[in-house]
Amino acid sequence: MKRFRWKLQRVLDIKRQRERALRHDLFMLAQEIARVQEAILERRTRLRTVLEELARRSLADRIAEQAVFMQFAGVEEAVIRRLQARRHELDEVRSETQQRFLEVRASCKMLVRLREEAYRAYVREVGKREQATFDESAHVAYARRRSESPTGDTAAREATPWPADLSAA
C-alpha cells in the first residue's frame, strides 16, 4: 500500500511556521512593553525621590534648587510622555499581532481536523482494498478447488467448506 499523503500538508506546515513566528513576535512585543513600562516607572521614581529630598531641605536651600528641579521635572515628564506614547503604539501592534496569531491558530486547527478526517478516510479505503484483496483470493482459492475436483462428484462439493461456512458466520 502507498503511504498516506495529504495534499494540504505544505499549507499546514507553512501555517504552523507562521504561528510560531507570530508567537515569537508577541513574546518580543511583551518584552519591549515591559522595558518601556519599567523605564516609565524608573523615571517617575527618580522624580519622586528627588522631590522628597528637596522637601527635606531647609527653605533657603530648597528655593535655590527648586528652579533646577522644575526644569529637570519638565524634561523628565516630556520623556515619560514619549515613553507612554511608545507603549501605546506597542500595545496597538500587540493587539494586531495577537489577532493575526489567533486567526492563524484557528486555521491551523481547522487544517489539522481536515488532515485527521482525510487520514480516517484513507484508513477506511485501505481497509476496503485489503478486504477486496482477501475476498478475491478466497474466490480464486475456491474456484481452484472446485476446478480440481471432478465436476460430477457431489461428495467433493459437499466436502468443500466455503459456501456453508461463510453463510453461517
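Mentor: Buried means under 20% relative accessible area, exposed over 50%, partly exposed in between (1.4 Å probe, protein chains only). This is a predicted model: local features need pLDDT of at least 70, side-chain atom pairs count only at pLDDT 80 or more, and totals for chains, interfaces and linings use all residues. Residues are numbered from 1 along each chain as its sequence is written, and side-chain values use heavy atoms, without hydrogens or water.

Trainee: Is L111 buried or exposed?

Mentor: L111 is found in helix α2. Helices are DSSP runs (H or I, at least four residues), numbered from the N terminus. With a relative accessible area of 6%, L111 is buried.

Trainee: Which residues is L111 in contact with, leaving aside neighbours within four places in sequence?

Mentor: Contact means heavy atoms within 4.5 Å. The contacts of L111 are W6, L8, V11, L12 and K15.

Trainee: How are α1 and α2 oriented to each other?

Mentor: Axes are lines fitted to C-alpha atoms over the stretch in contact, and angles run from 0 to 180 degrees between N-to-C directions. Helix α1 (residues 9-56) and helix α2 (residues 59-148) pack at about 165 degrees, with axes 7 Å apart. Angles under 35 degrees count as roughly parallel, over 145 as roughly antiparallel, 65 to 115 as roughly perpendicular and the rest as oblique. So α1 and α2 are roughly antiparallel.

Notes. Helices (H or I, at least four residues) and strands (E, at least two) are DSSP runs, numbered from the N terminus.
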